[in-house]
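Welcome to this short tour of a protein model. Have the sequence and the 3D view at hand, and follow the topics one by one.

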Amino acid sequence: MGTFDSWGRVVSRTRQAIAPDDYDNRIGALGAEAFLPFGQGRSYGDSCHNDTGSLIEMRRRARITAFDPGTGILTCEAGVTLREVIEHVAAHRFFLAVTPGTAFATIGGAIANDVHGKNHHARGSFGHHVLSFDLLRSDGTLLTCSPDQNPALFAATIGGMGLTGVILSAQLQLMKVPAVHVQQHAIRFDSLSDYFARVEAVDAAHEYSVAWIDQLAKGRGFGRGILLAGDHANADGEIPDIPKKWVRPSVPFMPPVNLLNGLTLKAFNELYYRKARPGEQVSTVPWTSYFYPLDAIGDWNRLYGPRGLFQHQSVFPLEAGEATVRALMTAAQAAGHASFLTVLKKFGDRRQRGLLSFAREGFTLTLDFSNQGASTLALLDRLDAIVMAAGGAINPYKDQRMAPATFAASFPDWERLEAVRDPALMSDFWRRTAMALTNR
Ligand SMILES: Cc1cc2nc3c(=O)[nH]c(=O)nc-3n(C[C@H](O)[C@H](O)[C@H](O)COP(=O)(O)OP(=O)(O)OC[C@H]3O[C@@H](n4cnc5c(N)ncnc54)[C@H](O)[C@@H]3O)c2cc1C
C-alpha cells in the first residue's frame with residue numbers, strides 16, 4: 001500500500017499497487033476489473049486510479065532499449081519518463097515530436113492519454129509519433145500494435161486511458177532539431193479579441209504556440225495575456241546552461257489552506273503580465289523552462305492546500321472560439337473563482353489517431369481551480385454546459401467529476417473502446433462514466 005495520488009489530489013488516499021512482474025505472474029488468474037496500469041499520476045483526476053483494485057506500477061520498468069541516431073527511432077519500456085528520453089537523445093539533436101507540459105509523465109501514460117503539446121497545430125498529438133507498441137492482454141496474449149498490425153487495438157489504446165491492456169514497450173519516432181533549446185517569442189496581447197486577431201499568423205510562423213491568460217482581468221483588459229511562441233534554436237546560437245542535476249526547490253509540506261487564492265493570484269497575474277514588455281521579445285531559453293516551467297517546483301500542486309484542485313480543460317469548434325472562451329471566463333469570474341493557470345491554444349486539423357483522443361480541431365481552454373467544495377462543483381457544471389452547447393468536449397484525464405452524459409457527448413465512440421476493454425482492467429473514471437451509461 002502506498003500513496004498513489006493523481007495531480008489534482010481532490011481524492012487523496014492510500015492505494016494498493018503491485019509490481020509489473022507480479023501482474024505478469026498472475027496472468028490466467030486475474031480478477032475482473034481488478035487492475036489498472038499507473039504511470040506517474042500526472043493525470044489530474046480519477047482516470048489513473050482503480051480504488052476497488054490494484055494499480056500496476058509501470059515506473060518499475062523504465063529501460064531505454066534502443067536508439068538509432070540515424071533514424072531517430074527510439075524503443076523503450078513504458079515506464080520511462082519523457083525527461084529520460086530527452087536526456088538520452090539531446091546530444092544527437094533529437095527531441096520528442098510532441099510533449100505535454102510536464103516531463104515527468106511516462107511513455108505509457110503519454111500514449112494512453114494521447115497527450116498534446118504546444119505544437120498540435122504543426123504535429124498533432126503524441127499518438128501520431130508512435131510507430132508501434134507491445135500490449136499485454138490479461139488472457140496472456142502479447143500483441144504488437146501499429147497502424148498495420150492489430151490496427152483496431154492500436155487506435156483504441158492511443159487515448160484509451162489504460163483500459164485495453166498493459167503497454168509494455170513502445171517504438172517512437174523522434175524529431176530531428178537544430179538544437180533542443182528554444183528561441184522564444186513572448187508576444188503580449190491586450191485583450192481576448194487581440195489574441196484572436198493574432199493567433200492564426202503566430203501559429204503559421206512557429207512550431208510552438210500557447211497563450212497564458214490573465215483570467216482575473218476585467219473591462220478593457222479582459223482576456224489579456226502573453227502568447228509564448230517558439231522554434232528550436234539554431235545549432236550555432238548561444239545555448240543556455242541547464243543544471244546537470246535537476247536539483248529543484250520543492251513545496252516541502254502541505255499548507256493548511258489554499259495559497260493560490262484570488263488575492264495572491266491577482267498580484268501574480270499583474271506581475272507576470274507586466275514582466276513581458278509590450279510588443280514582442282525574442283530570447284533563447286533552455287528546453288526545460290520553455291516546455292516544463294512548472295516542473296521546476298516540486299509538488300507545486302500542494303499550494304492548493306489539502307482539498308486539492310480541479311483542472312477543467314475543454315475543446316470547442318473554431319467558429320465558436322472567441323464567444324466560448326469569453327463565456328467560460330465570465331462564468332468563472334461571476335462565480336468568484338480564480339484560475340492560477342489559464343491556458344489557451346488552437347489545435348490543428350490533423351485527424352485523431354485514437355478512438356478517444358481528446359485533442360481535435362478547435363480552441364482549447366484550460367482552467368485550474370482550488371477545490372472549494374459545492375461552489376466549485378457548480379461552476380464546473382456550468383462550464384461543461386457552455387462547452388456542450390458549443391459542440392465541444394471535456395478532457396477526461398483532467399477530470400474528476402463530469403456527468404456520464406457529458407462524457408458520452410464528448411466521446412461518441414466510447415462504446416467501441418468498451419467493446420475491446422481488457423476485462424481485468426478498470427478505472428474509477430470509466431466506472432462512473434461509461435459503466436454508468438451501460439446501466440450495469
Ligand atoms: C504540470 C502538468 C502539465 C501538463 N500538461 C499537459 C499538456 O500540455 N498536455 C496534455 O495532454 N497533458 C498534460 N498534462 C497531463 C499529463 O501529461 C498526462 O495526464 C499524462 O498522460 C500523465 O502521464 P503519467 O505517466 O503520469 O500517467 P498516469 O497519470 O499515471 O496515467 C495516465 C493513464 O495512462 C494509463 N497508463 C499508464 N501507464 C500505462 C501503461 N504502461 N500501459 C497502459 N496504460 C498506461 C493509466 O492507466 C491512466 O489511464 C499535464 C500534467 C501536469 C501535472
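Is Phe-189 buried or exposed? Phe-189 is buried, since its relative accessible area is 0% and the cut-off for buried is under 20%. Please keep in mind that you are looking at a predicted model.

**Aromatic pairs**

- The structure contains 27 aromatic pairs.
- Phe-189 and Tyr-195 make one of them, a tilted pair with 5.4 Å from centre to centre and 55° between the planes.
- Tyr-195 is buried too, because its relative accessible area is 1% and anything under 20% counts as buried.
- Now turn to Tyr-208 and Phe-291: their ring centres are 4.9 Å apart and their planes meet at 80°, so this pair is edge-to-face. The cut-off behind that name is an angle over 60 degrees.
- This pair connects distant parts of the chain, with Tyr-208 in strand β14 (residues 208–213) and Phe-291 in helix α8 (residues 287–291), 83 residues apart.
- Tyr-208 has 2% relative accessibility and therefore counts as buried, and Phe-291 is buried with a relative accessible area of 1%.
- For a group of rings, look for the cluster in which ring pairs link Trp-7, Trp-212, Phe-268, Tyr-272, Trp-300, Tyr-304 and Phe-340.

**Charges over a ring**

- Find the ring of Tyr-273: the charged end of Arg-188 sits over this ring, 4.3 Å from its centre.
- Arg-224 also lies over the face of Tyr-273, at 4.2 Å from the ring centre.

**A parallel sheet**

- Three strands build an open sheet with parallel pairing, in the order β3-β5-β4.
- Why is one side of β3 and of β4 left without a neighbour in the sheet? Both β3 (17–18) and β4 (35–38) stand at the edges and each has a single partner strand, so one side stays without a neighbour.
- Four bridges pair β4 with strand β5 (residues 54–57) in the parallel sense.
- Within this part of the sheet, Phe-38 stands opposite Glu-57 in β5.

**Strand β19 and its partners**

- Strand β19 (residues 362–370) is mostly covered, with nine of its nine residues buried.
- Strand β17 (residues 309–316) runs antiparallel to β19, and eight bridges join the two. Gln-311 has Asp-368 in β19 as its bridge partner.
- Strand β18 (residues 343–347) is also antiparallel to β19, joined to β19 by five bridges. Here Leu-344 has Leu-365 in β19 as its bridge partner.

**Two domains**

- The chain is divided into domain 1 (60–177) and domain 2 (182–241 + 251–409).
- The C-alpha centres of domain 1 and domain 2 are 25 Å apart, and the contact takes 36 residues from domain 1 and 32 residues from domain 2.
- About 3,000 Å² is buried between domain 1 and domain 2, and carbon and sulfur atoms give 60% of that area.
- Which three residues supply more than any other three of the area that domain 1 buries against domain 2? They are Lys-118, His-121 and His-128, which supply 25% of that area.

Methods
Residues numbered from 1 in each chain as written. Predicted model: local features only at pLDDT ≥ 70, side-chain atom pairs only at ≥ 80, totals over all residues. Heavy atoms only, no water. Phe/Tyr/Trp six-rings, centres within 6.5 Å; stacked < 30°, edge-to-face > 60°. Buried < 20%, exposed > 50% of the residue type's maximum accessible area, 1.4 Å probe, protein only. Lys NZ or Arg CZ within 6 Å of the ring centre and 35° of its normal. Pairing = 2+ DSSP bridges. Domains from an automatic or database assignment. Contact = heavy atoms within 4.5 Å. Buried area = accessible area lost by both parts, 1.4 Å probe.
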